[in-house]
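Please read it alongside the sequence and the structure shown here.

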Amino acid sequence: MKNKILILLLLSGLFTAVSCTDLDLNPLSQGSSANWYSNDSEITMALNDLYRLDFWPDDKVPYADLDLWSDDIMSRALTNPFTNGTLTGQDGNVNSWWANSYKCIARANTILSNLEKSKDKLPKATLDKYTGEAKFVRASQYARLITYYGDVIYSTTVLGLDEAFTTSKTDKKTILKAVYDDYDYAASVLPASYASTNMRATKGAALAMKARVA
């Protein structure tokens, strides 16, 4: 009987020790937002992801140009969710534009909030360029959102889950001013061109996008 009690006590102590171990760890075998953005290669990879095609739709829907969703064009032979009065937030195109825009914004904000990690490893001009690139992308996403939806949720920080559920919309005019500011910053730090053939935001692109939004 005493032996059984002793074994139970030992097992109890073992379980207690195990339960006190912090299991909320960052993965060591792959990148995470906690241990990423620590060098030029990681930052560049994160910025590259902001240019994926999902984040830059060409304003087309599967069956027609978006002008058919406005009063610019009315087709007698073709109806769509806009003209027949059934367009809602559940429409696949509406959902994808909204979700992908905020996904891209969240990633841009994550990059911006983590560039501080490399301030002692990279030249200031390089970090400024990366900041400008992320702000260019963020501005472009918010410009699309306010064009399609008007007042939307605006944030320049990484939102926690609780905060995301309680954040309210920001006036479209306020967001437009922030979009202009982001484009102005981008234009002041981005190069006129790149040596590589990869398409990236440039000074001219920032000025052109600002003009288009205006």
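What does the accessible surface of the chain come to, and which share of it belongs to carbon and sulfur atoms? In this predicted model, the accessible surface of the chain comes to about 13,700 Å², and 58% of that area belongs to carbon and sulfur atoms. Of the 214 residues in the chain, 32% count as buried. Among the contacts with a separation of 6 or more, 63% are accounted for by residues 24 or more positions apart.

The secondary structure consists of seven helices and two strands, and from the N terminus on these elements follow the order α-α-β-β-α-α-α-α-α.

| Pair | Angle and axis separation | Contact residues by class |
|---|---|---|
| α4 and α6 | about 150°, 8 Å | 12 nonpolar, three polar, six charged |
| α2 and α4 | about 15°, 11 Å | four nonpolar, two polar, two charged |
| α4 and α7 | roughly 15°, within 11 Å | six nonpolar, one polar, no charged |

Helix α4 covers residues 124-149 and helix α6 covers residues 172-189, and the two pack with their axes 8 Å apart at an angle of about 150°. Because angles over 145 degrees count as roughly antiparallel, α4 and α6 are roughly antiparallel to each other, and their crossing is left-handed. On the α4 side the contact includes Asp128, Lys129, Thr131, Gly132, Lys135, Phe136 and Arg138, and it continues with residues including Ala139, Ser140, Tyr142, Ala143 and Ile146. On the α6 side, the contact is made by Lys172, Ile175, Leu176, Val179, Asp182, Tyr183, Tyr185, Ala186 and Val189. Sorted by class, the residues of this contact are 12 nonpolar, three polar and six charged.

Helix α2, which spans residues 40-49, packs against α4 at an angle of about 15°, with the axes 11 Å apart. Since angles under 35 degrees count as roughly parallel, α2 and α4 are roughly parallel to each other, and the crossing of these two helices is left-handed. Asp40, Ile43, Thr44 and Leu47 of α2 make this contact with Thr126, Tyr130, Glu133 and Ala134 of α4. The classes represented here are four nonpolar, two polar and two charged residues.

The axes of α4 and α7 come within 11 Å and cross at roughly 15°, so that α4 and α7 are roughly parallel to each other. The crossing of α4 and α7 is left-handed. In this contact, Phe136, Ser140 and Ala143 of α4 meet Ala205, Ala206, Met209 and Val213 of α7, and the residues divide into six nonpolar, one polar and no charged. Phe136, Ser140 and Ala143 are also listed in the contact of α4 with α6.

With its neighbours within four places in sequence left aside, leucine 145 is in contact with Trp98, Ser101, Tyr102, Ile105, Gly150 and Val152. The C-alpha atoms of leucine 145 and tryptophan 98 are separated by 7.2 Å, although the two residues are 47 residues apart along the chain.

**The loop between α6 and α7**

Threonine 202 is found in the loop between α6 and α7, the latter helix running over 203-213. At 15% relative accessibility, threonine 202 counts as buried, and, residues up to four places away in sequence not being counted, threonine 202 touches Leu190, Pro191, Ala192, Ser193 and Tyr194.

Serine 193, one of those partners, is likewise found in the loop between α6 and α7, but serine 193 is exposed, with a relative accessible area of 54%. The C-alpha atoms of serine 193 and lysine 203, which are 10 residues apart along the chain, are separated by 7.9 Å.

Asparagine 198 also lies in the loop between α6 and α7, and asparagine 198 is exposed at a relative accessible area of 52%.

Notes
Residues numbered from 1 in each chain as written. Predicted model: local features only at pLDDT ≥ 70, side-chain atom pairs only at ≥ 80, totals over all residues. Heavy atoms only, no water. Buried < 20%, exposed > 50% of the residue type's maximum accessible area, 1.4 Å probe, protein only. Contact = heavy atoms within 4.5 Å. Areas by Shrake-Rupley, 256 points an atom, 1.4 Å probe, with all protein chains shown as cover. Axes fitted to C-alpha atoms, helices over the stretch in contact; angles between N-to-C directions. Parallel < 35°, antiparallel > 145°, perpendicular 65-115°, else oblique. Left-handed = near helix turned anticlockwise from the far one by under 90°. Nonpolar A, V, L, I, M, F, W, Y, C, P; charged D, E, K, R; others polar.
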